[in-house]
Protein chains: 2
Amino acid sequence: MKAEPHSALHLAQRARLASRALGIADTARKDHALEAIAKAVTDARGPILEANALDLADGRKASLTDALLDRLALDGERLEGLAAAVLAVRALPDPVGEITSTTRRPNGLTVQKVRIPLGVILMIYESRPNVTTDAAALCLKSGNAVILRGGKEALRTNLALRQAIVTGLEVARLPADAVLLVETPDRELLLELLKQEELIDLAIPRGGEGLIRFVAQNARIPVVKHYKGVCHVFLHQSADAKKAVDIVVNAKAQRPGVCNAAECLLVDEGALALLPAVARALVAERVELRCCPRSLAVLRREGIAAVPAGADDWGREFLDRILAVRVVAGIDEALEHIARYGSLHTEAIVAEDKVASTRFVHEVVASAVIVNASTRFNDGGELGLGAEIGISTSKVHAFGPMGLAELTAQKFVVLGDGQVRGG
Amino acid sequence: MKAEPHSALHLAQRARLASRALGIADTARKDHALEAIAKAVTDARGPILEANALDLADGRKASLTDALLDRLALDGERLEGLAAAVLAVRALPDPVGEITSTTRRPNGLTVQKVRIPLGVILMIYESRPNVTTDAAALCLKSGNAVILRGGKEALRTNLALRQAIVTGLEVARLPADAVLLVETPDRELLLELLKQEELIDLAIPRGGEGLIRFVAQNARIPVVKHYKGVCHVFLHQSADAKKAVDIVVNAKAQRPGVCNAAECLLVDEGALALLPAVARALVAERVELRCCPRSLAVLRREGIAAVPAGADDWGREFLDRILAVRVVAGIDEALEHIARYGSLHTEAIVAEDKVASTRFVHEVVASAVIVNASTRFNDGGELGLGAEIGISTSKVHAFGPMGLAELTAQKFVVLGDGQVRGG
């Protein structure tokens, strides 16, 4: 098939071709490229910050919110952070070629499972420019070509970053098409990309609900969704008072705008005595408490600020200094609430009773189930993956933080000396 | 949402509800159900064979091919085989709850990865009734509810088999909805099922190209494709003569109608001397050879029956006693041919030279890459998985034979004693 230049098909064909060279490139060459990319990003500080200033100016004209502008903004320090993250990926072990199992069959065949790159990855994201360099570095290290489809509000910044990435690839004599950037980030081209099932192996959307739904509904290629985090903390009747305060405050207030922040506190009726201290600590962190009637009554009696929860506050991702609070009759009701309103992201229990925490771990379906620690630990760096391309809330392929290993497939390698099959 | 009875939404809701009970059922209960299902299938021999006879009679009226009728047909012996396969799954270790890794973080957190069921699986297949019991057993053992969508030509047989399965589930007091059967196997209902992204976790299509394309193009739920096998055997110049004959004959002729049978023989020009003996052995097995000009000349000179290959014989899945034969200039051209025409299923090399076989293993992308053994070994039983629900040619989630482990996801379990996150 002959492709129009700059069409989705053309982009995908270029990426596919590059992926073959990248898939068999050795670790030294890929690490060399990552070093060169980090250096090129630092060297191109001037043009990158200039491009970012233009994006920001347009963003202000287009009345983007302050939160969005902040995500988009780069400065010298943030740019150094981007380069440092690329070097951190360089330092991770190469997953490609890893033999994850070896068995010997009764007929003498040796059967291995070996990690290989997925091939071509389509990364779909919004305004954060760090995703451009992070995704490029993770895909490169794992031997995958990547098509980056960032938001149009960050286009000039991304073009400048991609230029630096290409410089690095060329230094290591790897194909420039190993990291492609969509230069027309409209929905039409995205739609076409999502249909290239013969050429693209996986789409990873990260961002708002609308974007992820669009991708999921229109893709013919496999999608690993990085969806919302409606994370709960359940205070069991056996909860330790200090752990309860520390964990709930950290889960909600340490960084309220991220997907692993808590959105709802479930309080066992046997743990109601802990609620006032937890609530006071939250209010001291400027958190608004949206309460069920029972918890509201407790807090008002204690003179602690709280408002009634609305019906739509259960299962809601506030991404803000707001926490829903509900009293439950015990662990059964807590499990029921989480099964109904959770988003498969992160669920935590605070409990000293091992029977309760074991049951919680066993029965809760979520990418991370946490006992006596903050929901904020559901993160690739914190869980020991080194770096992550996002946190999957799809159970298929990868569930939870996706690191380098989750950007690979495994093939069977079968070594024989003439075996044939009988039955 | 209120669902019409027998609608796709209603089926999916029932399966989702059953999956919660099944997901936390212990191994003893699941094994009890599998035993009871095997017994119920044997006990219901009469009604199952009667239903099958009606399906076969309709199939003959509808002029189904003999091959299709043979796949559909059950007799006493085949039925015992179905029950025995259920017991074989019972004997496999339960993947659910398996802790696949445990690490300790510097802050004292214990991080585990634990296998959990995927949830609800939609199995889409054609006429073989053994898929009904195999898929039910594999999904049950791995804690998944399953919606079986078999072919309409096997509907009465499948209904009778499902009745036996329900009997077994009820003996073990597991929900009957853990194994559902689509009673109206038309494309409209399938289309609706493929949209139930909130309720169904994975679709597994097995069967003809048309069916798989339909599923891939219309699904909003994740799909692991079980697609065609265009498998090559490459005879390197260092190939051992006896291994070459044994492996090529077994790969093509032992069971020509299956996906891991060879469809194309690539002969290194340095191995041309081996071709006549290999070709004679194939012809003795009634295999038609469709040859490139160079191999055709060699075979005609030797008086061995052969015909010229057409342009569409490369990359073609014959599923029959036909083999394409092509001479290549060396391993580079063989790798190029496989990259262009292979289907990511199974690729084999016959070579004594370790440099060549290592390079083949490193560079070929396929679910199984095989050295000095038959392509027919790409099979769950042969590779040690115990049993398989099919062979995936998608790299995402599972690549190659899908056994019990591939029917699970892994969640992170994080055990702390009050840890909160700093940065």
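Modeller: Before we start, one definition: copies are superposed by least squares on the C-alpha atoms of residues with pLDDT of at least 70 in both. The model is predicted.

Biologist: By what turn can chain B be laid on chain A, and what kind of axis is that?

Modeller: The superposition has an RMSD of 0.0 Å, with a turn of 180° and a shift of 0.0 Å along the axis. That relation therefore belongs to a two-fold axis.

Biologist: Is His397(B) buried or exposed?

Modeller: The count to reach is 20 or more other C-beta atoms within 10 Å. His397(B) has 23 C-beta neighbours inside 10 Å, so the residue counts as buried.

Biologist: How many bridges join strand E16 of chain A to E13(B)?

Modeller: The two strands come from separate chains and run parallel. One bridge pairs Gln419(A) with Ala373(B) in E13(B). In total, the number of bridges is five.

Biologist: What strands stand at the edges of the open sheet of 10 strands?

Modeller: The order is E1(A)-E2(A)-E16(A)-E13(B)-E12(B)-E7(B)-E8(B)-E11(B)-E9(B)-E10(B), with mixed pairing. Each edge strand has a single partner strand, so one side of each is left without a neighbour in the sheet; these are strand E1 (99-104) of chain A and strand E10 (307-308) of chain B.

Biologist: Which residue in E12(B) stands opposite Val233(B)?

Modeller: Strand E7 (residues 231-235) and strand E12 (residues 346-350) of chain B pair in the parallel sense over four bridges. Opposite Val233(B) stands Ala348(B).

Biologist: At what angle to E13(B) does H14(B) run?

Modeller: H14(B) lies across strands of both chains: E16 of chain A, and E12 and E13 of chain B. The angle to E13(B) is about 160°.

Biologist: Which residue of the hairpin of E1(B) and E2(B) takes a positive phi?

Modeller: Strand E1 (residues 99-104) of chain B is joined to E2(B) by five bridges, in the antiparallel sense. Thr103(B) has Val111(B) as its bridge partner. Five residues lie between the strands, and the positive phi, near 95°, is that of Gly108(B).

Biologist: Over how many bridges do E2(B) and E16(B) pair?

Modeller: In this pair, Ile116(B) stands opposite Ala409(B) in E16(B). The pairing is antiparallel, and the bridges number eight.

Biologist: Which are the edge strands of the open sheet of four strands in chain B?

Modeller: The order is E5-E4-E3-E6, with parallel pairing. A strand at the edge pairs on one side only, as do strand E5 (179-181) and strand E6 (202-205) of chain B.

Biologist: What angle does the direction of helix H6 of chain B make with that of E4(B)?

Modeller: Strand E4 (residues 145-149) of chain B pairs with E5(B) over three bridges. Helix H1 (residues 8-23) of chain B lies across E3, E4 and E5 of chain B, at about 145° to E4(B). Helix H6 (residues 130-141) packs on the sheet, touching E3, E4 and E5 of chain B, and its angle with E4(B) is about 165°.

Biologist: In which strand does Asn372(A) lie?

Modeller: Phi of Asn372(A) is near 55°, positive in a residue other than glycine. Asn372(A) is buried, with 23 other C-beta atoms within 10 Å. The strand that holds Asn372(A) is E13 (residues 368-373) of chain A.

Conventions. Residues are numbered from 1 along each chain as its sequence is written. Chains are lettered from A and ligands numbered from 1 in the order in which they are written. This is a predicted model: local features need pLDDT of at least 70, side-chain atom pairs count only at pLDDT 80 or more; totals for chains, interfaces and linings use all residues. Two strands pair if DSSP finds at least two bridges between them. Two residues are in contact if their C-beta atoms, placed from the backbone, lie within 7 Å. Axes are lines fitted to C-alpha atoms, for helices over the stretch in contact, and angles run from 0 to 180 degrees between N-to-C directions. A residue is buried if 20 or more other C-beta atoms lie within 10 Å of its own, exposed if 12 or fewer, and partly exposed in between; C-beta atoms are placed from the backbone.
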